[in-house]
Amino acid sequence: MTRPAPIRSLGAAHLPTLVLLHGFMGCGDDWRRTARLLSDRYHCLLPDLPGHGSQPLPADLDFEGYCEWFWRQLAPVLPARIALAGYSMGGRIAAWLATRHPESIAALVLEGAHPGLETEAERRARRRHDENWATRLAREPWPRVLEDWYRQPVFADLAPARREAFIRVRSAQDPATLARVLRATSLSGQPDLRPGLAGLTCPRVFIAGAQDTKFSALGQALADTCTGLELVKLDGLGHNCHAQDPGQVAAVMERVCHPMHFTQTSTASS
């Protein structure tokens with residue numbers, strides 16, 4: 001099997017480690033501006049997720065298999081405890097990893113990340129939705145599909161220049177591989193992570209742009225049911241907060257990922 005590509009990093013290796021996971025179609029460099037603001041206090045790791053950039057993607061993975069395969073590639077280069085952050089799909093992966101490996105997680109930051117669907121009807125509808133996009137990615141002209149992707153309602157806040165910039169960067173990805181990633185990581189196959197997130201004892205925060213009404217509402221509902229999980233709504237921002245204002249997101253991370261948490265034991269509560 002192809003060996004995983006090296007992981008980009010910013011900050012000295014002796015500092016507390018903060019791992020930042022990008023969203024679907026993205027890459028580790030999506031977090032670079034945020035990481036630069038944190039690199040004097042954290043060793044920031046910016047991995048490409050499987051099937052993105054030059055990272056391999058094993059065949060026939062479901063959501064949990066995708067997350068665990070990624071963890072097995074990542075864990076050998078990590079210290080005993082890390083802070084973990086993720087945006088959108090990367091946030092869903094971060095949430096799953098935190099619930100499965102709580103002893104390794106000093107703090108958890110989720111940005112615009114869905115905790116999971118609650119009914120079979122929702123899962124069926126999402127399965128159809130994601131399969132339609134996967135088929136388009138595999139068969140239709142690229143990057144025309146990207147243009148349609150970034151015109152979905154969740155990206156309605158994007159200014160034309162930012163939308164064009166996203167399309168330009170994302171167009172370097174392989175659409176057939178992205179179709180496989182989408183099928184593997186579909187929200188329809190993700191378990192409901194609310195109980196696991198509620199059971200964690202590490203500091204947890206959910207970041208949502210105030211203009212992103214869908215994920216602001218999801219974050220509020222999650223905060224209402226997960227004792228100790230903080231919701232931060234960032235004024236003037238949409239779904240991709242760290243792309244719009246890395247300074248605000250970095251400030252939240254610095255507050256939540258306090259160095260003292262890296263030396264404490266954090267496990268799921270009983």
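Arginine 32 is partly exposed, with a relative accessible area of 23%. In this predicted model, the side chain of arginine 32 meets that of aspartate 29 in a salt bridge, 2.9 Å from N to O. Aspartate 29 is partly exposed too, at 33% relative accessibility. Both residues belong to a network of salt bridges that links Arg8, Asp29, Arg32 and Asp48.

**Other salt bridges**

- Side chains of opposite charge can pair when their charged atoms come close.
- A search of the whole structure turns up 17 salt bridges.
- One of them joins aspartate 130 to arginine 126, with the closest N and O atoms 3.0 Å apart.
- These two partners sit four residues apart in helix α4, so about one helical turn separates them.
- Aspartate 130 counts as buried at 4% relative accessibility, while arginine 126 counts as partly exposed at 26%.
- Arginine 136 and aspartate 148 form another salt bridge, at 2.5 Å from N to O.
- Since arginine 136 lies in helix α4 and aspartate 148 in helix α5, this pair ties together parts that are twelve residues apart in sequence.
- Arginine 136 is buried at 15% relative accessibility, and aspartate 148 is partly exposed at 31%.

**A buried charge without a partner**

- Aspartate 212 is buried yet has no salt bridge.
- For this aspartate, the nearest side chain of opposite charge is lysine 214, 7.6 Å away.
- You can find aspartate 212 in the loop between β6 (204-209) and α9 (213-225).
- Leaving aside residues up to four places away in sequence, aspartate 212 touches Leu237, Gly238 and His239.

**Backbone features to look for**

- Most residues other than glycine have a negative phi, and most peptide bonds are trans.
- Methionine 25 has a positive phi, near 75 degrees, and lies in the loop between β2 (17-21) and α1 (32-38).
- With 1% relative accessibility, methionine 25 is buried.
- Aspartate 60 also has a positive phi, of about 60 degrees, and its place is in the loop between β3 (43-46) and α2.
- Aspartate 60 is exposed, with a relative accessible area of 81%.
- The peptide bond from tryptophan 142 to proline 143 is cis, with omega near 15 degrees.
- Proline 143 is found in the loop between α4 (120-139) and α5 (144-149).

- Helix α2 (residues 63-74) packs against helix α3 (residues 89-100) at an angle of about 75 degrees, and their axes are 10 Å apart.
- The two helices are therefore roughly perpendicular to each other.
- Their contact has nine nonpolar, no polar and four charged residues.
- Among the residues that meet are Phe63, Phe70 and Trp71 in α2, and Ile93, Trp96 and Leu97 in α3.

Terms used:
Residues numbered from 1 in each chain as written. Predicted model: local features only at pLDDT ≥ 70, side-chain atom pairs only at ≥ 80, totals over all residues. Heavy atoms only, no water. Axes fitted to C-alpha atoms, helices over the stretch in contact; angles between N-to-C directions. Parallel < 35°, antiparallel > 145°, perpendicular 65-115°, else oblique. Contact = heavy atoms within 4.5 Å. Nonpolar A, V, L, I, M, F, W, Y, C, P; charged D, E, K, R; others polar. Buried < 20%, exposed > 50% of the residue type's maximum accessible area, 1.4 Å probe, protein only. Lys, Arg positive; Asp, Glu negative; His and termini not counted. Salt bridge = Lys/Arg side-chain N within 4 Å of Asp/Glu carboxyl O.
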